[in-house]
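Subject: Structure for your review

Dear colleague,

Please find the structure below, with my notes on it after that. I would be glad if you could read the two side by side.

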Amino acid sequence: MSEVRVRVAAYVVRDTPTGPELLVFDHRDQPEAGTQVPAGGVDAAEPLEDAVIREVAEETSTVAVTVRRSLGVQQRPHPHTGEPRVTVFYYATTTESRDRWSHQVAGSTGTDDGMVFDCFFIPLTQALDLLPDRQDEFVPALLKLLPENA
């Protein structure tokens, strides 16, 4: 039996006058991967909230991130390998002021090293129809948390 891969995924939100926006990225050289939120594996003995901050920084270069709370756990096989994985989704906030930028992953211990991600913000409600691999599963729970959506 395969070992279960433990991952984190981050809904990184910033407040704007027009409503909450979600940090996402596209793979510059792999457009078929779709628009995604920061996510990745948890290192051995790494606290989950530390993994969230690390993954956001590795994949987007955004370091002004505060983890607010976990939103849920998704247990699904990897879409390509079928290997078991568990992903804990987190709500985090940021004061990131850039609207759009490119980031080349460097120093990652995973397979992302050298990849270029085009990072940007979208209105949070757009994530419901955009994110692949059921990354949008906990967006409704997040929308219920935010005061402007109450």
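Predicted model: local features only at pLDDT ≥ 70, side-chain atom pairs only at ≥ 80, totals over all residues.

In the hairpin of strand 4 and strand 5, six residues lie between the strands, and among them Gly-82 takes a positive phi near 80 degrees. Strand 4 covers residues 65–77 and pairs with strand 5 in the antiparallel sense over eleven bridges, where pairing requires that DSSP finds at least two bridges between the strands; strands (E, at least two residues) and helices (H or I, at least four) are DSSP runs, numbered from the N terminus.

Residues are numbered from 1 along each chain as its sequence is written, and side-chain values use heavy atoms, with hydrogens and water left out.

Strand 5 also pairs with strand 1, here in the parallel sense and over nine bridges, and Val-13 stands opposite Thr-93 in strand 5. Strand 5 is mostly covered, since ten of its eleven residues are buried, buried being under 20% relative accessible area, exposed over 50% and partly exposed in between (1.4 Å probe, protein chains only).

The largest nonpolar core has 20 residues, of which Tyr-11, Leu-22, Val-24, Val-37, Leu-124 and Leu-142 touch the most other members; such a core is a set of buried Ala, Val, Leu, Ile, Met, Phe, Trp, Tyr and Cys residues joined through side-chain atoms within 4.5 Å. At least two residues of this core come from each of strand 1 (5–14), strand 2 (21–27), strand 5 (84–94), strand 7 (116–123) and helix 2 (139–145). A second, separate core of 18 residues includes Val-8, Val-56, Ala-92 and Val-105. Leaving aside neighbours within four places in sequence, the residues in contact with Val-37 (heavy atoms within 4.5 Å) include Tyr-11, Leu-22, Val-24, Glu-59 and Leu-131.

Four aromatic pairs are found in the structure; rings of Phe, Tyr and Trp (its six-membered ring) pair if their centres lie within 6.5 Å, and planes under 30 degrees apart count as stacked, over 60 as edge-to-face and the rest as tilted. Tyr-11 and Phe-89 form a tilted pair, 5.5 Å centre to centre with 40 degrees between the planes, and this pair links strand 1 to strand 5 across 78 residues. Phe-89 and Phe-138 form another tilted pair, at 5.2 Å centre to centre and 50 degrees between the planes, with Phe-138 placed in the loop between strand 7 and helix 2, 49 residues from Phe-89. Tyr-11, Phe-89 and Phe-138 form one aromatic cluster; Phe-89 is buried at a relative accessible area of 1%, and Phe-138 is buried at 12%.

Two charges sit over rings, a term that asks for NZ of Lys or CZ of Arg within 6 Å of the ring centre and within 35 degrees of the ring normal. Arg-98 lies over the face of Trp-101, 4.1 Å from the ring centre, and the charged end of Arg-100 sits over the ring of Phe-120, 4.4 Å from its centre.

Finally, helix 1 (residues 48–60) has 13 residues, which at 1.5 Å a residue should span 18 Å, in agreement with the 18 Å between its end C-alpha atoms; the expected span is 1.5 Å times one less than the number of residues. The buried residues of helix 1 include Arg-54, Glu-55 and Glu-59, and Ser-61, which follows the helix, has a positive phi near 70 degrees.

Best regards
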